Amino acid sequence: QQPSGAESPEAEAERHEAADHLGTALQQLPAKQRIAVVLRHIVGLSHAELAEVLACPEGTARSHVSRGLDRLRVLLAPDEEMLP
């Protein structure tokens, strides 16, 4: 029996698979978009901090994040051929 709070082997495998899939999708983004998305949504930088790191205006940093997220949505969308 698993300790309370521990995830099942199936749940852990699914989590690892999802993380691998996300990592693969992130690698397909242009570098500025990938860096912007990771620093904003994983590291937690503000748009102002992100702009400083990327050495660009804040609006440009926001654009890199937005375009990166839009591309990730496409890359991570379920394959239509697999739908019933």
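A55 is found in the loop between helix 3 and helix 4, where helices are DSSP runs of H or I with at least four residues, strands are runs of E with at least two, and both are numbered from the N terminus. This is a predicted model, in which local features need pLDDT of at least 70 and side-chain atom pairs count only at pLDDT 80 or more, while totals for chains, interfaces and linings use all residues. Residues are numbered from 1 along each chain as its sequence is written, and side-chain values use heavy atoms, with hydrogens and water left out.

Phi of A55 is near 55 degrees, a positive value in a residue other than glycine. Most residues other than glycine have a negative phi. A55 is also exposed, with a relative accessible area of 71%; exposed means over 50%, buried means under 20%, and partly exposed lies in between, using a 1.4 Å probe and protein chains only. Another positive phi, near 95 degrees, belongs to G44, the residue that follows helix 2.

Stepping back to the whole chain, the secondary structure comes to 4 helices and 0 strands, giving the pattern α-α-α-α along the sequence. Of the 84 residues in the chain, 21% are buried. The accessible surface comes to about 6200 Å², and carbon and sulfur atoms account for 54% of that surface; accessible areas come from the Shrake-Rupley method with a 1.4 Å probe, and for residues only the protein chains shown count as cover. Among contacts between residues at least 6 apart in sequence, 48% join residues at least 24 apart, a contact being heavy atoms within 4.5 Å.

Which residues of helix 2 are buried? In helix 2, which covers residues 31-43, they are Q33, A36, V37 and L39. These buried residues pack against helix 1, helix 3 (47-54) and helix 4. Leaving aside residues up to four places away in sequence, H64 touches K32, Q33, A36 and L54.

Charged side chains come next. How many salt bridges does a search of the whole structure find? The search finds 2, a salt bridge being a side-chain nitrogen of Lys or Arg within 4 Å of a carboxyl oxygen of Asp or Glu. E58 forms a salt bridge with R62, with the closest N and O atoms 3.3 Å apart. E58 and R62 are 4 residues apart in helix 4, so about one helical turn separates them. E58 is partly exposed at 35% relative accessibility, and R62 is partly exposed at 43%. D70 forms a salt bridge with R73, and here the closest N and O atoms are 2.9 Å apart. Both D70 and R73 lie in helix 4, 3 residues apart, about one turn of the helix. D70 is partly exposed, with a relative accessible area of 41%, whereas R73 is exposed at 54%.

Finally, E10, E14, E17 and D20 form a negative surface patch. Patches are made of residues with over 30% relative accessible area and no salt bridge, with like charges joined within 9 Å and nonpolar side chains (Val, Leu, Ile, Met, Phe, Trp, Tyr) within 5 Å. Lys and Arg count as positive and Asp and Glu as negative, while His and the chain ends are not counted. One of the patch residues, E14, is found in helix 1, residues 9-27, and is exposed, with a relative accessible area of 56%.

Notes
Charge placed at Lys NZ, Arg CZ, Asp CG, Glu CD.
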